[in-house]
Amino acid sequence: MIRTWPIPEQLEGERCDVALSRLAGMSRAVCADFIDEKRVTINGAAVAKSSRVAFGDVLDLDLPDPDLADAEPTMELPIVYEDEGLVVINKPSGIAAHPSVGWSGPTVTGSLVAMGQVLTSYGPQERKGIVHRLDVGTSGLMVVTKSERAYVSLKDQFRDRTVEKIYHTMVQGRMDPSSGTIDAPIDRHPSSSYRFAVMSSGRASITHYDTLDAFAHASLLEVHLETGRTHQIRVHMSALNHPCCGDLTYGADPKLAAKLHLERQWLHAVRLGFHHPVSGQWVSFESEYPADLQSALNIAQSI
């Protein structure tokens with residue numbers, strides 16, 4: 001299967017492996033392997049990992065036939081909490097929530113099964129046990145269900161917007177006002193299959209934010225999601241001209257990303273709370289920033 005992307009202006013001058021990683025949502029290592037296997041072309045010509053891309057170039061990726069691909073890679077996931085009905089993990093960056101077309105890296109569902117977890121049979125075939133998702137490049141707290149009761153209960157709670165979903169993100173510039181609500185519908189981008197955008201035709205999307213700290217070139221925000229659309233925080237921040245630092249897909253400055261040593265968007269799910277499916281009691285979990293985000297934050301504070 002061939003996937004095609006035009007190179008956006010924000011990726012002008014980037015290495016080919018970096019550009020592909022940003023566009024496809026895959027790890028840089030996986031992208032480098034594809035390039036070594038001659039599966040990647042720019043304007044129809046084979047490239048090297050260090051080749052530089054230009055605005056307007058057309059990048060093609062010839063994905064392996066899934067029937068011929070090796071077994072899905074897995075990784076050991078940090079478990080924050082588990083019982084007979086659910087498991088809460090601290091998802092690292094670089095792992096998808098579940099299998100999907102075009103993704104050949106590790107997944108949360110596959111990794112949990114490899115770790116001996118038995119997930120519920122409820123849900124679509126490729127998303128058994130999944131009640132919400134985090135982007136490949138987003139780290140933090142995620143709950144996966146192991147029982148039918150937990151699946152139904154948490155699906156209802158996410159639908160009814162009673163789940164507490166708190167994220168921290170570092171965005172470019174300073175927010176004005178420093179706190180606010182973004183109420184703007186989101187739909188697929190009209191000219192880009194892998195991106196989303198604020199569109200009048202989209203689904204209702206509501207994001208609340210508060211500024212925690214402000215630096216010379218960036219601001220640290222706490223974000224509360226009322227809805228849970230794909231790429232919601234990234235799209236809303238980009239629409240305000242304050243993209244998440246490191247998020248080249250949605251217009252972040254690649255020079256600032258390089259200065260902060262970021263290879264993904266600065267976005268982390270720091271707190272997750274919900275009513276336990278069995279006891280009904282409110283449970284809440286918190287997650288510290290991973291090393292790459294903490295390092296970028298330290299640099300932002302010093303420049």
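Student: Which residues does Asp57 touch, not counting residues up to four places away in sequence?

Tutor: Asp57 touches Trp5, Pro6, Ile7, Ile42 and Asn43. Contact here means heavy atoms within 4.5 Å. This is a predicted model, where local features need pLDDT of at least 70 and side-chain atom pairs count only at pLDDT 80 or more, while totals for chains, interfaces and linings use all residues. Residues are numbered from 1 along each chain as its sequence is written, and side-chain values use heavy atoms, with hydrogens and water left out.

Student: Where does Asp57 lie?

Tutor: In the loop between strand 3 and strand 4. Helices (H or I, at least four residues) and strands (E, at least two) are DSSP runs, numbered from the N terminus.

Student: Is Asp57 buried or exposed?

Tutor: Asp57 is buried, with a relative accessible area of 13%. Buried means under 20% relative accessible area, exposed over 50%, and partly exposed in between, using a 1.4 Å probe and protein chains only.

Student: What is Trp5 in contact with, leaving aside neighbours within four places in sequence?

Tutor: The list is Leu20, Leu23, Ala24, Asp57, Val58, Leu59, Leu61 and Tyr194. Leu20, Leu23 and Ala24 are among the buried residues of helix 1.

Student: OK, helix 1. How many of its residues are buried?

Tutor: Nine of the nine, so helix 1 is largely enclosed by the rest of the structure. Its buried residues include Asp17 and Arg22.

Student: What do the buried residues of helix 1 pack against?

Tutor: Strand 1 (2-6), helix 2, strand 2 (40-42) and strand 4 (58-62).

Student: At what angle do helix 1 and helix 2 pack?

Tutor: About 120 degrees, with axes 8 Å apart. Helix 1 covers residues 16-24 and helix 2 covers residues 28-36. That angle makes helix 1 oblique to helix 2. Axes are lines fitted to C-alpha atoms, for helices over the stretch in contact, and angles run from 0 to 180 degrees between N-to-C directions. Under 35 degrees counts as roughly parallel, over 145 as roughly antiparallel, 65 to 115 as roughly perpendicular, and the rest as oblique.

Student: Which residues meet there?

Tutor: From helix 1, Cys16, Asp17, Val18, Leu20 and Ser21. From helix 2, Arg28, Cys31, Ala32 and Ile35.

Student: What is that contact like by class?

Tutor: It has six nonpolar, one polar and two charged residues. Ala, Val, Leu, Ile, Met, Phe, Trp, Tyr, Cys and Pro count as nonpolar, Asp, Glu, Lys and Arg as charged, and the others, Gly among them, as polar.

Student: Cysteines next. How many disulfides are there?

Tutor: A search of the whole structure finds zero, a disulfide being a pair of cysteine sulfur atoms within 2.5 Å. For Cys16, the nearest cysteine sulfur is that of Cys31, 8.6 Å away. Cys16 is buried, at 0% relative accessible area.

Student: New topic, the backbone. Which residues does a cis peptide bond join?

Tutor: Asp176 and Pro177, with omega about 10 degrees. Pro177 is placed in the loop between strand 8 (164-172) and strand 9 (179-183).

Student: What about the phi of Arg161?

Tutor: Positive, about 60 degrees, although Arg161 is not a glycine. Its place is the loop between helix 4 (148-159) and strand 8. Arg161 is partly exposed, with 40% relative accessible area.

Student: Last one, Thr74. Which residues is Thr74 in contact with, leaving aside neighbours within four places in sequence?

Tutor: Pro106, Gly110, Ser111 and Ala114. Thr74 is in the loop between strand 4 and strand 5 (79-82), and is partly exposed at 43%.
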